[in-house]
Amino acid sequence: MSTTDTTNSLQEQDQLGKPPYIDVNSQGTSLRQPSPMPTSKRPGGPRQKSSIRTEESFTQPRDIERHSKIPYLLRMRGSITPRMIIPLSFVGAWATLITCISHWVHPLVVSSLLLTVLGFVVGLGISFRTSSAYERYVDGRKYWAQLSQASRDLARHLWIHVEERHGQDPALGKQDLLGKVTALNLIVAFAVALKHRLRFEPYAQYDDLEPLVSHLSTFAGEAFDPDTSVPQPKSSWKRGGEYLGLTVAQSNPRKVIKRSKKNLGNLPLEVLTYLSAYVDSVIRSGQFTNGTEQAMVMNSLNSLNEVLAGTERVLNTPLPVAYSIAISQITWVYVMMLPFQLWDALRWITIPGTIVGAYIILGIAAIGREIENPFGRDENDLPLDKFCQGLEDEINVIAARAPPRSEDFVMNDDNAIMFDNSYSTLAAQSIEEIRAGLRARTVRASATRASIQQARGEKQGV
């Protein structure tokens, strides 16, 4: 989206009296495809299918559904090699300078004992850095798995156990049904809002979030300001600098939050508040009276709140800066000392040897920095967009059919309960005959497994 298009969109939406729409795709984020509210009218006209941009192939989290036949040795997507080009160029120039001075002027040689001592310290530092970063990455994935489990449980309990009062009044039953669908949409809204919050996107006007929360009164929705909230497209040199890992090209991810003049609130927490209000309303109305199920729903809501707190802890508690500075300095001292220690044994091979050694040491340290924040948009970050889409699809599956009744699938002639006998066939038998059949099924299952294992053993023996 160009600056002119953004301005025109803002003007059109001002005329409609609605807040502008933030196109997440303009920030390099893939669009969320299915929407729980596909008929909603979006400001600025319908969303157009975006063309595939080359830079997105190298700057988005890896698609876990895609399979690559390229060997890991030759892969560039997700590799830290592009970020190593400039550091290795500097190291190569430094190694060439020391090698030329040692060859033509005076040998600059340091005892290899220093290499051993420094190597041990550098190994400890890099191991600590990488293990700490990977622990944060795993914690982020665990919290999102917990979110998926709690969301599925909450959606299932609300859909099955909240009564729809169609028998009392058709209009009231329809209202109950639409209320349940709204609650399920709020579960998806929590996941999407959490994704944006973890990416320092604090507003409610993002294209995959606005249809889910536009009807809610939230601080994030009220704080939106077109002059400071709409991100500007990145220039080519900035995208290239970020791809090469240049710190001067990297923007402060919290700058959108810092520019806000109003209280941004906590959108995922506000969505949870609305979900709790819905649960309270169905309990008070008598639609949800089972105490055990009420406790399970409350536990699911508490679990979602734990996910919110846990992911914020991972995001806002990086490795202390003293460790990062010390490890970086120690690593660079070790790399800069390599030519002095390799010259006496390798001569001109000191140059490629130093570059290879620097790639190993600096590369492992770069991997630690790469995965320290698992919620961003880098190639090695968690694919939160895919996770949100998958959760939405699963909740849509739950809501796709009316809450099933046990008699509909138990007392069904297509239900081959035992030995291909249907329910009606077995219902005509006595209790003793049914239990005898169950015992026979156990014996038959054991005999079948034994015959399969025997045939497999004879085949392997042949």
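R347 sits in the loop that links α13 and α14, where helices (H or I, at least four residues) and strands (E, at least two) are DSSP runs numbered from the N terminus. We will come back to this residue in Exercise 5. The structure is a predicted model, in which local features need pLDDT of at least 70, side-chain atom pairs count only at pLDDT 80 or more, and totals for chains, interfaces and linings use all residues. Residues are numbered from 1 along each chain as its sequence is written, and side-chain values use heavy atoms, with hydrogens and water left out.

## Exercise 1: The whole chain

Task: Find how many helices and strands the protein chain has, and what share of its residues is buried.

Solution. Start with the secondary structure: the protein chain has 18 helices and zero strands. Next, take burial, where buried means under 20% relative accessible area, exposed over 50% and partly exposed in between (1.4 Å probe, protein chains only). Of the 462 residues, 38% count as buried. Then turn to contacts, meaning heavy atoms within 4.5 Å. Among contacts between residues at least 6 apart in sequence, 76% join residues at least 24 apart. Finally, the accessible surface of the chain is about 26,300 Å², and carbon and sulfur atoms account for 58% of that; the areas come from the Shrake-Rupley method with a 1.4 Å probe, and for residues only the protein chains shown count as cover.

## Exercise 2: α4 against α13

Task: Work out how helix α4 and helix α13 are oriented, parallel or antiparallel.

Solution. First, locate the pair: α4 covers residues 112-161 and α13 covers residues 321-346. Their axes lie 9 Å apart and the packing angle is about 150°. Axes here are lines fitted to C-alpha atoms, for helices over the stretch in contact, and angles run from 0 to 180 degrees between N-to-C directions. The angle therefore makes α4 roughly antiparallel to α13, given that under 35 degrees counts as roughly parallel, over 145 as roughly antiparallel, 65 to 115 as roughly perpendicular and the rest as oblique.

Second, look at the handedness: α4 passes α13 in a left-handed crossing. A crossing is left-handed if the near helix is turned anticlockwise from the far one by less than a right angle, and right-handed if clockwise.

## Exercise 3: α13 against α14

Task: Describe the crossing of α13 and α14, left-handed or right-handed.

Solution. Begin with the geometry: the axes of α13 and helix α14 (residues 350-370) come within 9 Å and cross at roughly 150°. That makes α13 roughly antiparallel to α14. The crossing is right-handed. Now list some partners: W332, V335 and W343 are among the residues of α13 in this contact, and G353, A358 and I361 are among those of α14. The contact of α13 with α14 comprises 11 nonpolar, five polar and no charged residues.

## Exercise 4: α3 against α13

Solution. The contact of α3 with α13 divides into 12 nonpolar, three polar and no charged residues.

Now zoom in on H103, which is in helix α3 and is partly exposed at 40% relative accessible area.

## Exercise 5: Positive phi

Task: Find what phi values F200 and R347 have.

Solution. Recall the background: most residues other than glycine have a negative phi. Phi of F200 is near 60°, and phi of R347 is near 55°. Then compare their surroundings. F200 lies in the loop between α5 (170-198) and α6 (210-213) and counts as buried at 9% relative accessibility, whereas R347 counts as partly exposed at 41%.

Technical notes:
Ala, Val, Leu, Ile, Met, Phe, Trp, Tyr, Cys and Pro count as nonpolar, Asp, Glu, Lys and Arg as charged, and the others, Gly among them, as polar.
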